[in-house]
Amino acid sequence: MTTGSCIQSAPSSGHGLIPVSLPLLRTIGQAKTCVYYWNEQVGRAVLVCDRDDSIEELCTRNLPENSKNQLYLRSSDYESICGELLGGLKDIAGDETLSPVDRFEVMQTVVGLELERAFHRIDSHRFVELGEHIGSQICGLVGENRVLPAKLFEIARHDYFTFSHVTNVTGYAVVLAQRLGISDETELNHIAIGAMLHDIGKRHVPRSILVKRAKLTPQERCAIRQHPQAGYRDLLKSELSNDGQRMMAYQHHERIDGNGYPVCILGPEIHDWAKLLSVVDVFDALTGERPYRKPLSFTSALDFMAARAGTQFDTEVVKCWIAAITQK
Ligand SMILES: [Fe+2]
């Protein structure tokens, strides 16, 4: 095994190394790939597993302290491995050698690249198709194993990528729906797919606005506020979506008190699935990185939401979410 090779720039500087978790490496156990770890002391990535070495053996080996959280693949290897695993999401969801939470984390990693690519295509069809496939797998995994929301929060990705946000929100939406008493598998599945697709309208918002760090101009804010209608139109074109899912896209920024957008409707007019989605959507947005602010702490996010029960959010839904996510 080679240990001397190294890459001498920080993993965050975009030089082609992608962080990966041990559960993901376990899933790709037979693949031929180089694995690196980031050595803080010397400030460089060091090869810990060469192409001809066994990744399975690496996963059980005593690595340097803390290095298990700092393992990396070259981006080209990462892309081809994720591409291969994408077709086997069902196998990942059912892999009992990993905990359900680890399986969810691996699935999030595997689907990220393709979701990101599909998101930027002119035709929304591929994104809808992927959303349906991934939403169903997340629903089965999270719903059947009754994963605790707090566990999902621990592994949720708090970066600012649409795919991270939608997969986090989908996991949360399934557990919240169950806590609200929804047990019908078909309904849960529809909710999960709707959650995957709720921000599809952001495809039409210029990226320069989505990632802008400075305060948005009124015109830019107006452009962002178009995404519910744009998403509704995208889903209307798709035979794969139903009314409830289209309402999740259209109404997830409406508020119970009528001060939301795009239509300013009041609580009774908002679809139940959109009320549910709005709670987990805001929770994930608050606890995630955004270009213009740092994530809020878990407690501050829940305080923020509790203070808006009955105005922004449906009181029962937000109460149910706070009870669920604080359950140990
Ligand atoms: Fe949105």
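Ala, Val, Leu, Ile, Met, Phe, Trp, Tyr, Cys and Pro count here as nonpolar, Asp, Glu, Lys and Arg as charged, and the others, Gly among them, as polar. This is a predicted model, so local features need pLDDT of at least 70 and side-chain atom pairs count only at pLDDT 80 or more, while totals for chains, interfaces and linings use all residues. Residues are numbered from 1 along each chain as its sequence is written, and side-chain values use heavy atoms, with hydrogens and water left out.

**View A. The largest cavity, with a volume of about 40 Å³.**
A cavity is a set of points on a 1 Å grid over the protein atoms alone where a 1.4 Å probe fits but cannot get out; lining residues have an atom within 4 Å of a point. Points are joined across faces, edges and corners, and a volume is the space filled by probe spheres set on them. The structure has one cavity of 30 Å³ or more. Around the largest cavity sit Q251, E254, R255, I256, I270, A274, K275, S278, Q312, F313 and D314. That lining splits into four nonpolar, three polar and four charged residues. Helix 14 is the top contributor, with three residues (helices are DSSP runs of H or I, at least four residues, numbered from the N terminus).

**View B. The largest pocket, holding about 1300 Å³ of space.**
A pocket is an open set of points with protein on both sides within 12 Å along at least five of seven lines. Look for K202, I224, H253, R290 and Y292, which lie nearest the centre among 42 lining residues. Two or more lining residues come from each of helix 5 (100–119), helix 8 (162–179), helix 10 (207–210), helix 11 (218–224) and helix 14 (272–286). Helix 14 gives the largest share, five residues. By type, the pocket lining has 17 nonpolar, 10 polar and 15 charged residues.

**View C. The largest nonpolar core, 84 residues.**
Such a core joins buried Ala, Val, Leu, Ile, Met, Phe, Trp, Tyr and Cys through side-chain atoms within 4.5 Å (buried: under 20% relative accessible area, 1.4 Å probe, protein chains only). L25, L115, Y172, F283 and W321 have the most contacts inside this core. It lies between domain 1 (1–74) and domain 2 (87–325), because both give residues to it. A second, separate core has seven residues, including L17, C34, W38 and L47.

**View D. L25 and its neighbours.**
Leaving out residues up to four places away in sequence, L25 touches V20, V35, I55, L58, C59, L71 and L73 (contact: heavy atoms within 4.5 Å).

The domain bounds come from an automatic or database assignment. Five residues from domain 1 and seven residues from domain 2 make the contact.

Notes. Buried < 20%, exposed > 50% of the residue type's maximum accessible area, 1.4 Å probe, protein only.
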